[in-house]
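Hi,

Here is the structure I promised to pass on.

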Amino acid sequence: MLGKVLLLEKAQVINDRGNNRDLRVYRRKSVWVGRGMVARCERLLNFVEKRYYAAHNQDSILATHYDTEVHILKEVEGVQGIPNMLAHSKMLPLGAQVIYMDYCGEPLSLSNCPRNWREQATKLGDALNDLGIYHGDINVRNICIRDGQLYLIDFGLISAIKPAQSFAESIQTILDDLALPKHRQKNTEILQRRLRRPRKGR
Ligand SMILES: Nc1ncnc2c1ncn2[C@@H]1O[C@H](COP(=O)(O)OP(=O)(O)OP(=O)(O)O)[C@@H](O)[C@H]1O
Ligand SMILES: [Mg+2]
């Protein structure tokens, strides 16, 4: 854990000229991995930085997203198929809310879906059920695949109500949707829009 955090710090070159307003973080070798409703995500080495949009701090529902996600990621630490949270902060310049977590690969698609996805999803779904955690936003953008491992991400919209579908059934629905011709898919159009390079200032 400590080694990983040290590596993360090495990826950031901080130029502090003795004035907080001049503090800048340079991101070298970073790659955008996605832009969502509440945050944009950037990959640094093997980590993802999820940076929440400051504008949402004032919104009563979206403002709780960061706190919920931090809380849940601590609770599910060690569960296979959930990214490890490496660090989190509200203290960065401009009060930005940031979570650093393991990189979980590319969004689920028909080509990267592992053969044993059902087995992995059942195990992960059972582990979350045992903890009383219901994700609340299971969709193709929140499922990633890395080296044949299925990951569930984005824990800011946890629900107290047990969903009608199990996690494995939800994934089956997503895969069925992905198998439809492009113009009939409900999820991929949204996915492509969100994966575009983020606009400046967001
Ligand atoms: N740990 C990760 N590893 C790989 N990709 C990630 C990771 N975290 C986020 N992403 C990518 O960034 C996108 C946005 O992240 P996330 O879903 O956490 O943000 P959000 O703003 O909460 O999204 P939403 O629009 O679903 O509310 C994801 O769809 C995914 O493609
Ligand atoms: Mg998401």
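**Strand 5 and its neighbours**

In strand 7, Tyr100 is the bridge partner of Glu49. Keep in mind throughout that this is a predicted model. Strand 5 and strand 7 are antiparallel, with five bridges between them. Strand 4 also pairs with strand 5: six bridges join the two, and they run antiparallel. One pair to look for there is Cys41, which stands opposite Lys50 in strand 5. Strands 4 and 5 make a hairpin with two residues between them, and Leu45 in the turn has a positive phi of about 50°.

How many residues of strand 5 are buried? Six of the six, so the strand is largely enclosed by the rest of the structure. In a regular strand, side chains alternate between the two faces of the sheet. Here Phe47, Glu49 and Arg51 point one way, while Val48, Lys50 and Tyr52 point the other way, and all are buried. If you colour by residue type, notice that the buried residues include Glu49, Lys50 and Arg51.

**Around the ligand**

Lys50 comes up again here, with an N or O atom of its side chain 2.7 Å from an oxygen atom of ligand 1. Met37 contributes through its backbone instead: an N or O atom there lies 2.7 Å from an oxygen atom of ligand 1. Then there is Asn142, where a polar side-chain atom lies 3.0 Å from a ligand 1 oxygen atom. Taken alone, ligand 1 exposes 610 Å², and the protein buries 97% of that.

Which elements give two or more residues to the shell around ligand 1? They are strand 3 (30-35), strand 4 (39-44), strand 5 (47-52), strand 7 (98-102) and helix 5 (188-195). In total, 23 residues surround the ligand, and the closest are Met37, Val38, Lys50, Cys104 and Arg141. By class, the shell has twelve nonpolar, five polar and six charged residues. Both domains take part: domain 1 (8-102) and domain 2 (106-195) each supply at least three residues to the shell.

**Two residues worth a click**

Asn142, the one with the polar side-chain atom 3.0 Å from a ligand 1 oxygen, is found in the loop between helix 3 (117-130) and strand 9. Is Asn142 buried or exposed? Its relative accessible area is 5%, under the 20% cut-off, so Asn142 counts as buried. Asn142 and Leu152 are ten residues apart in sequence, and their C-alpha atoms are 5.9 Å apart in space.

The other is Trp32, found in strand 3. With a relative accessible area of 30%, Trp32 falls between the 20% and 50% limits and so counts as partly exposed. Its C-alpha atom is separated by 4.3 Å from that of Glu42, ten residues apart along the chain.

Elsewhere in the chain, three strands form an open sheet in the order 8-9-10, with antiparallel pairing. Strand 8 (106-107) and strand 10 (149-152) are the edge strands, each pairing on one side only. Strand 8 pairs with strand 9 over two bridges, and Glu106 stands opposite Ile145 in strand 9.

Ile145 stands opposite Leu150 in strand 10, and Arg146 is placed opposite Gln149.

**Two aspartates with a positive phi**

Most residues other than glycine have a negative phi, which makes a couple of exceptions worth checking on screen. Asp147 sits in the loop between strand 9 and strand 10. Those two strands form a hairpin with two residues between them, and in it Asp147 takes a positive phi near 50°. At 76% relative accessibility, Asp147 is over the 50% cut-off and therefore counts as exposed.

Asp154 has a phi near 70°, again a positive value in a residue other than glycine. Its place is the loop between strand 10 and helix 4 (167-178). Is Asp154 buried or exposed? Asp154 has a relative accessible area of 16%, under the 20% cut-off, so it counts as buried.

Cheers

Terms used: Residues numbered from 1 in each chain as written. Chains lettered and ligands numbered in written order. Predicted model: local features only at pLDDT ≥ 70, side-chain atom pairs only at ≥ 80, totals over all residues. Heavy atoms only, no water. Near = heavy atom within 4 Å. Polar contact = N/O pair within 3.5 Å; in protein donor to acceptor, adjacent residues only side chain to side chain. Areas by Shrake-Rupley, 256 points an atom, 1.4 Å probe, with all protein chains shown as cover. Helix = DSSP H or I, 4+ residues; strand = E, 2+ residues; numbered from the N terminus. Nonpolar A, V, L, I, M, F, W, Y, C, P; charged D, E, K, R; others polar. Domains from an automatic or database assignment. Pairing = 2+ DSSP bridges. Buried < 20%, exposed > 50% of the residue type's maximum accessible area, 1.4 Å probe, protein only.
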